[in-house]
Amino acid sequence: MDKNINKTNKSQTKSIKRPFKLFNLSHKIHKWLMLFIGVQFVIWSVTGAYMVFFDIDYIHGDSLVVAHQKAIKPENLTYATAKLFKKYPDAKNLSVGLLVDREVYRFKIAKQQFIIDASNGEKLSPLNKSTAIEVAKYHYAGKEDVLNAKLILANPEFGLSARHLPVWQVDFDHFSAPALFISANNGKVVSKRHRFWYIFDWMFRLHIMDYGDEENAGNWLLFFIAILAIFAVFSGLVLTYFKAIKPRLNTRKTLGKSKKKRPSSRSSVGGKS
Amino acid sequence: MIIWIRKIHKWASLLVGLQVIIWVVSGLVFNVIDHQKARGNTYRQALTPTVSLNVNLIPVEHLLNAYPNTIELNQTSILSQPYYLLTQQQGLYRHFSNNYHIVNAVTGQLTLVDKPLAIAIAKASYNGPGDITSATLITPPIADFIKHKNPSWQVNFNDKLATSVYVEQGSGRVIGHSNSDKRFADFFYMLHFMDYGSAGNFNTVQIKLFAFITLWLTLTGLIWTIHLLRKGNYRFKK
């Protein structure tokens, strides 16, 4: 590299100013580096654009569900908690809430969660299919019909945490393929997904060059490409300076000079030129 | 056509060039930083709110009558004491706007997370060497947790990482810890997401505009490179 630069220097006449060395070097670096990593810049910009154009709350599926504010009616708690204590003496973390329109008790025994109907003590967990669909419909913000519901007991697909298992996946009939995931043990919406979330996830992986499954930006491939990218971008900025900024600075300077030197130049326009 | 490609490339680079270098540098920062440290949890210890059903506690039926409009009631514990957390207004997520009552499950007393209680909760979640220097109630936005929308106590410790512990006023829950490592990472996220107005997300107008221009920049660059290749301009010797 250095040899080449020296050669060109010698062969060039003295009238060529120093900045041209910087320009030529930047031009070489930019041209060659971008041949090899330019495609990654295209990937970064396309995936980045996808991620910023789509509203992140929409991607998270926030608009798929309604945050119901229905209050508990205490008069419906006809199955007293005293009875519950007796029947489930090892229960922990009791909670009172609603399952669609009925008051329920939720609690844990060891790591297992339970739902009990607060009006009659009937055990509702694990949720059956029709209840799961009922719950999903209640929380779903759209008007579409349920396509199907399946119980996931093990090996959750990508994007679903194993701690939510067992879980009902309830799919709705919409082009974005929305699905609500209802915990079979506590009857709550534990996750919500749609097509654009899965696409977003792919975009993110491509963006951070995660071709394994590290799920964060710390990988060697990204490290090397990013280092090269800094040189590629910096050399590009130098070219921008020479091509887009400097010519205009020069014209402004010469304009200014010419104005000072020849204040009457305006009046003589059309004379000599 | 290639003239237009060059022109677009030149002017797009002028518009977004500086941000592109910021993107690459901040991206490299995310690549090399310790993500474990950047979570701000260096001195955090878990608080596990496990409460057994206990006949000595005030029955939930009484509480629900006393506090109508309760959406959900949860048994919880604060500093190993049993409490009931009554959700009065429920957001989709816990960091969204929520409204709670906290009731002592033994005495039935409505409890407010005041300064001494917030300090005690913060201390219980902290296992570092620092001492508390100050505690202030902050209304959102909270710089360390931009997405959080509920008033919270900021409890500051004088360890070398300048740890701050945030305790939600409504529920007594520890939202999280923050420290200089997290703030360092957050600064670069702010740069990478062009979140100069602290919106807490990457869907701002300015980044959409820049992303759009950058698309033109990279796609013209791609076409230009292909053009140079086909013209045979990529040669090792002149």
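Biologist: Where does α1(B) bend, and by how much?
Modeller: In this predicted model, α1(B) bends by about 60° at B:V16.

Biologist: What does helix α1 of chain B span between its end C-alpha atoms?
Modeller: Only 38 Å, for residues 2–32 of chain B. A straight helix of 31 residues would span 45 Å at 1.5 Å a residue.

Biologist: Switching to rings. How many aromatic pairs are there over all chains?
Modeller: The structure holds 30. One of them joins A:F175 and A:F196, edge-to-face, with 6.3 Å centre to centre and 80° between the planes.

Biologist: Which parts does that pair tie together?
Modeller: A:F175 is in the loop between β5 (167–172) and β6 (179–183) of chain A, and A:F196 is in helix α6 (residues 195–207) of chain A, so the pair connects parts 21 residues apart in sequence.

Biologist: And is A:F196 buried or exposed?
Modeller: Buried, at 15% relative accessibility. A:F175 counts as exposed, at 59%.

Biologist: What about A:W220 and A:F223?
Modeller: That aromatic pair is also edge-to-face, at 5.6 Å centre to centre and 85° between the planes. The two are about one helical turn apart, because they lie three residues apart in helix α7 (residues 220–261) of chain A. A:W220 is exposed at 63% relative accessibility, while A:F223 is partly exposed at 22%.

Biologist: Which residues do ring pairs link into a cluster?
Modeller: Among them are A:F175 and A:F196 again, along with A:Y50, A:F200, B:F30 and B:Y189.

Biologist: Last topic, charges. What sits over the ring of B:Y234?
Modeller: The charged end of A:K31, 5.2 Å from the ring centre. In chain A, A:R193 lies over the face of A:W197, 3.8 Å from the ring centre.

Note on methods: Residues are numbered from 1 along each chain as its sequence is written. Chains are lettered from A and ligands numbered from 1 in the order in which they are written. This is a predicted model: local features need pLDDT of at least 70, side-chain atom pairs count only at pLDDT 80 or more; totals for chains, interfaces and linings use all residues. Side-chain values use heavy atoms; hydrogens and water are left out. Helices (H or I, at least four residues) and strands (E, at least two) are DSSP runs, numbered from the N terminus. The expected span of a helix is 1.5 Å times one less than its number of residues. The bend at a residue is the angle between axes fitted to the seven residues ending there and the seven starting there. Rings of Phe, Tyr and Trp (its six-membered ring) pair if their centres lie within 6.5 Å; planes under 30 degrees apart count as stacked, over 60 as edge-to-face and the rest as tilted. Buried means under 20% relative accessible area, exposed over 50%, partly exposed in between (1.4 Å probe, protein chains only). A charge sits over a ring if NZ of Lys or CZ of Arg is within 6 Å of the ring centre and within 35 degrees of the ring normal.
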